Structures are given as structure tokens and as C-alpha cells.
Amino acid sequence: MIYSKEVENMCPVKGISHGAAPIPEEGKWVQAKEIKDISGLTHGIGWCAPQQGACKLTLNIKEGIIQEALVETIGCSGMTHSAAMAGEILVGKTILEALNTDLVCDAINTAMRELFLQIVYGRSQSAFSEGGLPIGAGLEDLGKGTRSQVGTIYSTKSKGPRYLELAEGYIVEIGLDKDNQIIGYKYVNLGKMMENIKKEMDPMEAIEKASGTYGRFDEAVKKIDPREE
């Protein structure tokens, strides 16, 4: 190590150091000094430079190694293929390796950066969960239909809002009252529908069994297809 002449001539003085401040990890307080000291499950959100799309990244980390990854993207067709590659790249790497690996898409890279900051500062979702969360907890976030929670709404000043997809599923019809205000909707849960079809159920029956309504849909005086009217 090279020191300047000014530093070499300084008188040595001992300071006091108590080490790193402990952070909460999986129900324990940990003084994180190395990558292997980091464990936890948490989420990060990222976006690309032109802000055409976004990514939600969920990682389950045990002793510094990524054991489970859930990559959810929206808004850009190329990003979905990048997510497929990121899913192959992430698992098995340390969080430091993942931070410095090209995850193909800027939004996914940004999500990794934000997630890294959260986890190393002790802001993980499982910070106070004794033993952390099991591998598979990320998949459970998707529910039985194994689909991301998506909300797609389109509005114009002249014609008002159109609900296209919400947490319950793909919106088939919107119910209106006498004042043309939305009071409910009919939906198809696409995850459940595809599960029914995989079981060789007739497609129309599969749709019907995966359908439901929300709000006061049955009281609607007018029902419209949000993609046609």
C-alpha cells in the first residue's frame, strides 16, 4: 500500500470501532460483514431508461446465495424474454454476483439494484420471521392460478374508463347503473381457466367455471364489453 509523505509523517492515533450495526435477518440480529451473512426474502421494483416497462423482482436468499427468484414484468414485449433469461441467470449466484451480472433488461437490472439495497440494509420482508421463509414462498405470492396480479385500465375523457384486467382476472363485462357509472364487473380467472382446459374440460365449460362477478354486477341496468363498446 502506498501512502503520501503527509500521511507517513502523521502520529498514529487509535480510534474505537464497535463493528457494523446489526440488521434484522430472519428473526435474528446479524452484524453483516460478508456476503454469506445476508439472508432473507424481499422484493425490488425496477424500470428501464425510456420507462416503457417495469419489473418486480422477488428473491429468496440463504447465506448470501439466491435460492429462489420470481421475475414479473409489464409493459414491454422484449422484457418478458429478458425475464426468462434472468430466471436462469439469478439462482445459484451470490447477491453481489447478481448485482454485477447483466440481467439483459435495464428494468430487471434496476430491480436487482433496489432489492440489493433493501436486503443489505435489513429491510427484507422476512426480517422478523424466525428461520425466514421456505424456498417456494415466492411462488405462493402468485396464488393458485400462478399468475401475477395485473391491473390494466384504459380511460378517455370522452368515453370514460374501461376495466380490462384486475386482480380477479380478465374482465369480460362491465356493469353500469342508470347513470352509466360502473357498479361491478364479470371476470374470467385465466389461471383457473387454463387449469380446467388442461384437465380436458370443454373450453366453454372451463370459462364458465373460472368466471365470477364483483360488486353489484347483477343489479346493472346495462352491461358492456370493455373491448368493443
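## Surface and charge

The accessible surface of the protein chain amounts to about 14600 Å², and carbon and sulfur atoms contribute 53% of that area. These values, like those that follow, are computed from a predicted model.

The protein chain carries 25 positive and 32 negative charges. The mean position of the positive charges lies 4 Å from that of the negative charges.

## Overall dimensions and fold

Seven helices and eleven strands make up the secondary structure assigned to the protein chain. Along the principal axes, its C-alpha atoms occupy a box of roughly 85 × 45 × 30 Å. The radius of gyration is 25 Å, whereas a compact globule of 229 residues would have a value near 17 Å.

Of the 229 residues, 34% are classed as buried. Among contacts in the protein chain with a separation of 6 or more, 51% join residues 24 or more positions apart.

Helix α6 spans residues 190–198. Which residues of this helix are buried? They are Gly191, Met193 and Asn196. The cover over the buried residues of α6 includes strand β9 (182–188) and helix α7 (203–209).

Just after α6, Glu200 adopts a positive phi of about 70 degrees.

Conventions. Residues numbered from 1 in each chain as written. Predicted model: local features only at pLDDT ≥ 70, side-chain atom pairs only at ≥ 80, totals over all residues. Heavy atoms only, no water. Helix = DSSP H or I, 4+ residues; strand = E, 2+ residues; numbered from the N terminus. Rg over C-alpha atoms; globule rule 2.2 N^0.38 Å. Buried < 20%, exposed > 50% of the residue type's maximum accessible area, 1.4 Å probe, protein only. Contact = heavy atoms within 4.5 Å. Areas by Shrake-Rupley, 256 points an atom, 1.4 Å probe, with all protein chains shown as cover. Lys, Arg positive; Asp, Glu negative; His and termini not counted. Charge placed at Lys NZ, Arg CZ, Asp CG, Glu CD.
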